[in-house]
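Me: I'd like to talk through this chain with you before I go further with it. Can you take my questions in whatever order they come?

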Amino acid sequence: QVQLVESGGGLVQAGGSLRLACAASGSIFSINGMGWYRQAPGKQRELVADIRSGGNPNYADSVKGRFTISRDNAKNTVYLQMNSLKPEDTAVYYCNVEVQRRSGLLINYWGQGTQVTVSS
């Protein structure tokens with residue numbers, strides 16, 4: 001099994017910054033994609049940013065230039081630095097990790113979610 005532990009959410013004023021982290025542990029042979037999604041009340045879960053092993057990061061248009069995704073492969077951890085936060089960024093943020101087992105099987109795992117609230 002694989003466990004994902006998220007941290008870093010909270011309450012911040014508009015224009016402020018937060019940094020989310022998601023650490024994966026357990027039965028991991030390698031990790032392919034790592035990403036962050038978010039879900040606001042009454043809305044569908046949407047991709048915020050993702051990054052594949054050895055690949056370039058990919059961002060939703062709404063966060064380009066404000067958010068930065070990065071990963072530490074040695075720690076199996078993905079980060080999301082969020083700057084210039086806006087009230088519309090308020091949501092529960094979930095990390096998603098695509099794990100490859102030794103057999104080659106790919107499995108997606110989700111974090112428990114962390115609340116980000118941006119006040120105006």
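Predicted model: local features only at pLDDT ≥ 70, side-chain atom pairs only at ≥ 80, totals over all residues.

Me: Which other strands does β9 pair with, and over how many bridges?

Reply: Strand β9 pairs with strand β11 (residues 114-119) in the antiparallel sense over three bridges, and five bridges join β9 to strand β10 (residues 106-110), again running antiparallel. As reference points, A91 stands opposite V116 in β11, while E98 has N108 as its bridge partner in β10.

Me: And is β9 mostly covered or mostly open?

Reply: Strand β9, which spans residues 91-100, is mostly covered, with eight of its ten residues buried.

Me: What about the hairpin of β9 and β10, how many residues lie between the strands?

Reply: There are five residues between the strands of that hairpin, and G104 takes a positive phi near 100° there.

Me: Back to E98. Buried or exposed?

Reply: E98, which has its place in strand β9, counts as buried because its relative accessibility is 15%, and the cut-off for buried is under 20%.

Me: What does E98 touch?

Reply: Leaving out residues up to four places away in sequence, E98 touches S30, I31, N32, G33, R52, L106, I107 and N108. N108 is also the bridge partner of E98 in β10. K75, for its part, is 23 residues from E98 in sequence, with 15 Å between the two C-alpha atoms.

Me: Now over to G35, where is it and what is around it?

Reply: G35 has its place in strand β4, and it counts as buried because its relative accessibility is 2%. Not counting residues up to four places away in sequence, G35 touches A49, D50, I69, Y94, C95 and N96. The C-alpha atoms of G35 and Q81 are separated by 12 Å, with the two residues 46 apart along the chain.

Me: Changing topic: how many helices and strands are there in the chain?

Reply: The chain has zero helices and eleven strands, so its pattern, read along the sequence, is β-β-β-β-β-β-β-β-β-β-β.

Me: Which strands does β3 pair with?

Reply: Strand β3 (residues 18-26) pairs with strand β1 (residues 2-7) in the antiparallel sense over six bridges, and V2 stands opposite G26 in β3. Six bridges also join β3 to strand β8 (residues 77-82), and these two strands run antiparallel. In β8, the bridge partner of L20 is L80.

Me: Let's step back. What is the radius of gyration of the chain, and what would a compact globule have?

Reply: The chain has a radius of gyration of 14 Å, which agrees with the value near 14 Å that a compact globule of 120 residues would have. Taken along the principal axes, the C-alpha atoms fill a box of roughly 50 × 25 × 25 Å.

Me: How much of the chain is buried, and how much of the contact is between residues 24 or more positions apart?

Reply: Buried residues make up 41% of the 120 residues in the chain. Among contacts with a separation of 6 or more, residues 24 or more positions apart account for 56%.

Me: Last one, on surface and charges: what are the accessible surface and the charge positions like?

Reply: The accessible surface of the chain comes to about 6400 Å², and 46% of that belongs to carbon and sulfur atoms. The chain has 12 positive and 8 negative charges, whose mean positions are 4 Å apart.

Conventions
Residues numbered from 1 in each chain as written. Heavy atoms only, no water. Buried < 20%, exposed > 50% of the residue type's maximum accessible area, 1.4 Å probe, protein only. Helix = DSSP H or I, 4+ residues; strand = E, 2+ residues; numbered from the N terminus. Pairing = 2+ DSSP bridges. Rg over C-alpha atoms; globule rule 2.2 N^0.38 Å. Contact = heavy atoms within 4.5 Å. Areas by Shrake-Rupley, 256 points an atom, 1.4 Å probe, with all protein chains shown as cover. Lys, Arg positive; Asp, Glu negative; His and termini not counted. Charge placed at Lys NZ, Arg CZ, Asp CG, Glu CD.
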